[in-house]
Amino acid sequence: SHPSLKPCVFEIENNLGWSMAPIGHSAPRDWNQTVQEDLMNNDYGRIREASLLGGRLMRWLRVYNETPADDSFVWHWFPDAAPWKAAAKKGIPTIRSVLSDPTLLSSFDESGGFQGKAYGFNSSASPGWVLFYNVFIPPDSEGQVRTVKIIEEQLGQVKSSFACSKPGYPLTIFVSTIGATGTSVLKKITHFCLSSKSIRCIHMGHHESGHENVTLQHIHDFCSISDHEALRFGYIHTKGSFHPSIANERWRRHSTMAVTSEGCLKPPDDRCNVCGLQFYPIWNIFFPGNFFAAHCRYIKRLISPKYFGERLLRMSTRLREYQKAGRLFAYNLFDHGLPWRQGVDRFAWEIWSGTHPSIVPCDMSPSPDHSYWREMGNRQESELVWSMAPRQKGLNESWFLLDSKRRERVMGSKDLRMRDYFLLPGNIAKWALLYDENENPFATVPHDSWLWSWFPDGNEWKEAVQQNGKRAFELVTDQFLPQPAS
């Protein structure tokens, strides 16, 4: 059981005599051939397989806090030995990081063998879409029981949805678990998954801490693989496992219903690249609740989640400078100070999917009112109505928490509109700051984008962006800055 093991054998059957072991590189005879083939085509599955090198390294660290020596047989006998050995040379903390996030092993793979196989997924054998599932496991037993019930309900919804309706093409569900360890929750997920031939679940790893960024990173990695560019996917999570309430139960149920519907996974208008229950163009461009379906071609344009938090901080610093200089007003239309309006900390992941200006949204809710889906009872799938979004024309009182007096004041003054944080000025400033100098996020914005027709002063901003790119915000707001006294 110790990693320093250096075995030898006296092989009688084949008259080999004494030899260091293991002999050859073939798997034991009693290994299931189908399982072997599946593992060889599923890099992440091999990393987490208990009987292979990842599982053994995990046990050695738990029991002895040691890894094998450089000349150990494990570094040449097991599959994926080379990247594991390269990670081990960096030290035990690196091995622990890889074990908690298997995607990291690819950075130690000099051969590039992980690319394209990292998800054990064949796009031609899929229905044309996949599902990513973010599962939070609370530390208390009551919360864990609640989470299991949520998982059972959500997977039941998924199995009976359009997402699983294509015969012969099981839906692949990539599951990420976050939170408490040593629970039975993962076993329950496995049981639910194995109970149906219409779904195929792949566990992407467990993190003791983290937010939705864990699964969003898997999504970005998945969509960055060239073979996946034409695919769509859905993203759901166990909303209510952390903050249980009747409102969150309804919101989760209705959002899951929308994301797994035909409207979101196979929209009537293929231009739609992000879909959800309700699309909001204010106070951020996002889908409240953060359940969404999207096209990989759009998602790969977004900033990778591992860099997103850092970019947000950099952006926020510059935005505050703009406010001090009088270029942006952040408290006229809404109060900017609330974290869920700023999109900071864990709320950053709620706005991530809408942070590129080439977003072409569609949604399934005929009403922009949150309470319709959260607080007015259980809704039926027949109440979902697909449409390109935003379907409500312009700012009016139907939008959540929009004060009519504030709206009238801002909309009645071009001086205020052209510097408002929550309208096009703020969005264009954010896009210009989020993306690096060598990235022009406006280059892929459709000529007929909803941005220019829905927001006030759209044509003026459209012309400014087309002519000046990332410099548009400062050049336009120069015209509205207070002039120094003569």
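Modeller: Of the 486 residues in the protein chain, 54% count as buried.

Biologist: What makes a residue count as buried?

Modeller: Buried means under 20% relative accessible area, exposed over 50%, and partly exposed in between, using a 1.4 Å probe and protein chains only. Keep in mind that this is a predicted model, where local features need pLDDT of at least 70, side-chain atom pairs count only at pLDDT 80 or more, and totals for chains, interfaces and linings use all residues. Residues are numbered from 1 along each chain as its sequence is written, and side-chain values use heavy atoms, leaving out hydrogens and water.

Biologist: Why are α5 and α6 called oblique to each other?

Modeller: Helix α5 (residues 81-89) and helix α6 (residues 92-100) pack at an angle of about 135°. Under 35 degrees counts as roughly parallel, over 145 as roughly antiparallel, 65 to 115 as roughly perpendicular and the rest as oblique. That angle is therefore oblique.

Biologist: Which residues of α5 and α6 make the contact?

Modeller: Trp-84, Ala-87 and Ala-88 of α5, with Thr-94, Ile-95, Val-98 and Leu-99 of α6; contact means heavy atoms within 4.5 Å.

Biologist: How do you know that β3 and β6 pair?

Modeller: Two strands pair if DSSP finds at least two bridges between them. Six bridges join β3 (residues 129-137) to β6 (residues 232-237), so they pair.

Biologist: In what order do the strands of the open sheet lie?

Modeller: The eight run β5-β4-β3-β6-β8-β7-β9-β10, with mixed pairing. β5 and β10 each have a single partner strand, so they stand at the edges.

Key: Helices (H or I, at least four residues) and strands (E, at least two) are DSSP runs, numbered from the N terminus. Axes are lines fitted to C-alpha atoms, for helices over the stretch in contact, and angles run from 0 to 180 degrees between N-to-C directions.
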